[in-house]
Amino acid sequence: MWLKSYLSLGPNRPWWASLADKIFVHFVPKNCGVKDPALRMNPFLQHWKPKKSVLPQILKDMLTVAKKYNLRAEGLAFSRTILRRLPMWDHAQTNQRDIRKLSTASAVVTCLKDKHKLRTVGDFETFAALLAVQDHRPTQQCNCATCEHMIIDFRCSNPHRCFTRAEQFLNLLPPKWDPRGEHPEDYEDTQMEEAITEGIQEATLFDRRVTTHGSEGSIFRIFTDRAPPANVRLDMRLDSDGISELTLATDGSCLRNGDRDAVAGAGVFVDVSHPANLSIRIPAEINQSNQTGEAVATYLAS
């Protein structure tokens, strides 16, 4: 419960979680990759980690539980609201070496963090978009209104260089974590509405929406696999042919069900010689039982 409460990053987050943030930020190893404490926001959302040995016992236990049960950010797709709220500096889903190389102390990095006050993915996205404003020229001598504003109001010596570096940070994000471009949330609600309108009488529609909404804490899952999660962006768009009706049967079977040498299978049947007919043997690493076969058959049919 402590871990769950700590990761409740919305408006109802308990007061002690903010105190825990400050403790984590303060107690870090000497070789911490994020030298500026102002850029350390959350060890679960960024690569850096606190120095566990000097933490209060309750925070040690919380980190131990997170590691033991493989807590991590995982999901099929996330809303742009969530993606834009995540810290860009030392973003946990980027390649650690690449983002820290890009964050190496320099005039442009200092300008981004101290003058422009960029912190989140959304901050970087909005700032990098200024590269595309009308009349902007890709040079330090650009005198467009936007660059003039940056020079006068933010004391920025080279706005174009800052815009470009912000874009380079964003380009390190895996597709699933990059708010730019098309995401499933852009079309999945419309697809569901159209499917309902075209729905077949007495049919139960399968909800294909996969986007996670909520706060930054909504991205976390526990008891996950050890294998790294896929960070590709899903394409959940339906074919433009519209909805059609297809009746099929599914079943699972198991030889020697309940025994150690059980062998299970799954099948999907549409019609004689139909190309969608399918039968498979359940992989050996999956529990071999009749129930498993039935579950896999339903999955294959969907």
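This is a guided tour of the structure, stop by stop, with something to select at each one.

**Before you start**

The model is a predicted one, where local features need pLDDT of at least 70 and side-chain atom pairs count only at pLDDT 80 or more, while totals for chains, interfaces and linings use all residues. Residues are numbered from 1 along each chain as its sequence is written, and side-chain values use heavy atoms, with hydrogens and water left out.

**Stop 1: the nonpolar core**

Select Tyr-6, Phe-24, Phe-44, Phe-124, Phe-127 and Ile-219. They are the residues with the most contacts inside the largest nonpolar core, which has 55 residues. A nonpolar core here is a set of buried Ala, Val, Leu, Ile, Met, Phe, Trp, Tyr and Cys residues joined through side-chain atoms within 4.5 Å. Buried means under 20% relative accessible area, exposed means over 50%, and partly exposed is in between, using a 1.4 Å probe and protein chains only.

Now centre on Phe-24. Which residues does Phe-24 touch, not counting residues up to four places away in sequence? Show Tyr-6, Pro-43, Trp-48, Pro-50, Leu-55, Leu-59, Met-62 and Leu-63, and you have the list. Contact means heavy atoms within 4.5 Å.

There is also a second, separate core of seven residues, and Ala-262, Ala-264, Ala-266 and Val-296 are among them.

**Stop 2**

On a 1 Å grid over the protein atoms alone, a cavity is a set of points where a 1.4 Å probe fits but cannot get out, and a pocket is an open set with protein on both sides within 12 Å along at least five of seven lines; lining residues have an atom within 4 Å of a point. Grid points are joined across faces, edges and corners, and a volume is the space filled by probe spheres set on the points. For the classes, Ala, Val, Leu, Ile, Met, Phe, Trp, Tyr, Cys and Pro count as nonpolar, Asp, Glu, Lys and Arg as charged, and the others, Gly among them, as polar.

**Stop 2: the second largest pocket**

The pocket's volume is about 560 Å³. Its lining has 11 nonpolar, four polar and six charged residues.

Which element gives the most to this lining? Helix H3 does, with three residues. Both H3 (57-68) and strand S1 (72-73) supply at least two residues each. Helices (H or I, at least four residues) and strands (E, at least two) are DSSP runs, numbered from the N terminus.

**Stop 4**

Go to the loop between H3 and S1, where you'll find Asn-70. Asn-70 has a positive phi of about 55° although it is not a glycine. Buried or exposed? Asn-70 is buried, at 13% relative accessible area.

Next, jump to Arg-155, in the loop between helix H8 (145-154) and H9. Phi of Arg-155 is also positive, near 55°, but Arg-155 is exposed, at 61%.

**Stop 3: salt bridges**

The model has 14 salt bridges, each a side-chain nitrogen of Lys or Arg within 4 Å of a carboxyl oxygen of Asp or Glu.

Start with Asp-186 and Arg-80, whose closest N and O atoms are 2.7 Å apart. Asp-186 sits in the loop between helix H9 (159-170) and helix H10 (188-197) and Arg-80 in helix H4 (residues 80-85), so the pair ties together parts 106 residues apart in sequence. Asp-186 is partly exposed at 36%, whereas Arg-80 is buried at 14%.

Then select Glu-182 and Arg-237, a salt bridge with closest N and O atoms 2.8 Å apart. Glu-182 is in the loop between H9 and H10 and Arg-237 in the loop between strand S4 (220-221) and strand S5 (249-255), so this pair links parts 55 residues apart in sequence.

Finish with Asp-36, Lys-113 and Asp-114, which are linked in a network of salt bridges.
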